Amino acid sequence: MKIVVSNLSVSYQNLLVLNQVNFNIPINTITAIVGPNGAGKSTLLKAKLGLTNFNGNISFFGKNLKESRSKISFMSQYQEVDWNFPMTVFDLVLMGRAARLKFWQSYSQEDLEFTEKTLKEVGMWSKKDSLISNLSGGQKQKVFLARSLVSNPDILFLDEPLAGIDYKSMQDIFKILKVQKEQGKTIVVVHHNIEDISKYFDYIVVVNKKIIDFGPVEDVIKRRSISKAFNS
Amino acid sequence: MLIYFSVLLFALVAALYGNFCVFQKQGLIADVLGHSVFPAVILSILLTNSKSYFYMMVFSFLFSLLAFAILNYLKRNPLLDKDSIMAIILSGFFGLGTLLISILKRNSSNLISGVSDIFYGNVSAISSYDLFFILWFSLISLLVYYFLRRYLIFSSFDSTFFKFKFKIHKLVDFIFYFILTFLVTLSINLVGIILTSALFIIPCLISYKFSKNYFQLEMISSLAACFSCFLGVFISSNFNSVPTGPLIVIILGLFFISAHFISIKPSKL
């Protein structure tokens, strides 16, 4: 049971961003996608989610994206979002439940209870009525993570969830991700900090326009593939 | 009574949809659509040899769609940012309108009177038939808003998440711009081409300074738009020489300045 990416290529305006990428991610792991700036990490994540045009194949535990969409959740990059939007923490997290609803349906009691439970899990229940613009960087990322968790997905894709946050918040977020992994979820994280990588991740995909290496974290570190990617 | 009811309902709908123009960082979109209406109105007078409100509406709507299509086409060019694209369309359509107006002056000078109403609005020039049209379209737009609201909030806040989670994202965008185009077209006789964007944008800017959630933002922006339109129409219909559009915009502007000084949070928009 794996997420399988085969022969994946992405280009923007005749510029090849990712070239013939092949790798797979085992179920129930926390995997980091690492690489230098402009290596195509976020593009790879977006291709997996069908958010950018690509050539090649991607399957999620034997199913295609269309069949798996309801079981996948996604956390956008911090900067891609309008944090000045007048919205409370509770409403933001509740948003994660909306994809299940038909356009004429309102949120159910179960949706509200699930939102409360998830906010408590990430330690943000006390801030439920706060405006999102009043949160700190770490709190914003936790609330954002809660939105991805509230739909109870099997697969979580997180685009730089640790960007611009303090050490304590980073530890909190990894604790939450470990609990999610123990519950059977598969988590894929675009990550920029390579210093602490062996501490938190099971698998690594090293990318720089193409796949440099992938596999269990210890093996990739032994092969010195990360430094190769950053120096190439 | 009908005039006040139609105008207030229209103002309410314009504010609700205008809020999303602001949060989708498309503050100038109403201005672009408004300016695209200018040559449309003059062309409709030239071609039909009449100042029929119906034909003006049809031409305006088609030109708004054209402007919107050009906007989306130019967006594909990575060298052009949003502001530059809007500036190109805005000035292009205004230039075309100016050219057409000079042709109108030469060929049909008897039809030129009253054209200034298109620029600055004149509520007394709206017939009861037009008012009913505004009323019904505003009601339909309000009903659509009820169903669209949730999706528009999601797309304004986090468009990547919205595109991934909701298969209907293209449909939602299409309906939003379709209604916006129609609303801008309907606003011609009320606020005029030049000032139309103010009615869509300023209520949101006022409301943002006092709102703690999106529902409050909707309430305050609607109130600001309705009150300004009520006052504007009242003064304009009692003092016939005063155009409606500038009055509404001045009242909204005064509200905005007052809101700036007594707001409960710093301006981030």
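Me: Let's start with strand 6 of chain A. Which way do its side chains point, and are they buried or exposed?

Reply: A:Ile155, A:Phe157 and A:Asp159 point to one side of strand 6 of chain A, A:Leu156 and A:Leu158 point to the other, and all are buried. Buried means under 20% relative accessible area, exposed means over 50%, and partly exposed is in between, with a 1.4 Å probe and protein chains only. Strands (E, at least two residues) and helices (H or I, at least four) are DSSP runs, numbered from the N terminus.

Me: Before we go on, what am I looking at here?

Reply: It's a predicted model, where local features need pLDDT of at least 70 and side-chain atom pairs count only at pLDDT 80 or more, while totals for chains, interfaces and linings use all residues. Residues are numbered from 1 along each chain as its sequence is written, chains are lettered from A and ligands numbered from 1 in the order in which they are written, and side-chain values use heavy atoms, leaving out hydrogens and water.

Me: Which strands pair with strand 6 of chain A, and in which sense?

Reply: The rule first: two strands pair if DSSP finds at least two bridges between them. Strand 5 of chain A pairs with strand 6 of chain A in the parallel sense over four bridges, with A:Ile72 opposite A:Ile155. Strand 7 (residues 186-190) of chain A is also parallel to strand 6 of chain A, over five bridges, and there A:Ile187 stands opposite A:Leu156.

Me: Now the interface. How much area is buried between chain A and chain B?

Reply: Interface size is often given as the accessible area lost when the parts come together. Here buried area is what two parts lose on being put together, summed over both, with a 1.4 Å probe. Between chain A and chain B it's about 2,800 Å², and carbon and sulfur atoms give 64% of that. On the chain A side, A:Phe85, A:Pro86 and A:Phe103 lose the most area to chain B, together 22% of what that side buries.

Me: How many salt bridges are there between chain A and chain B?

Reply: A salt bridge needs a side-chain nitrogen of Lys or Arg within 4 Å of a carboxyl oxygen of Asp or Glu. Two are counted between chain A and chain B, including B:Lys25 with A:Asp82, whose closest N and O atoms are 3.3 Å apart.

Me: One last stop: where is B:Ser211, and is it buried or exposed?

Reply: B:Ser211 lies in the loop between helix 10 (196-208) and helix 11 (214-238) of chain B. B:Ser211 counts as buried because its relative accessible area is 0%.
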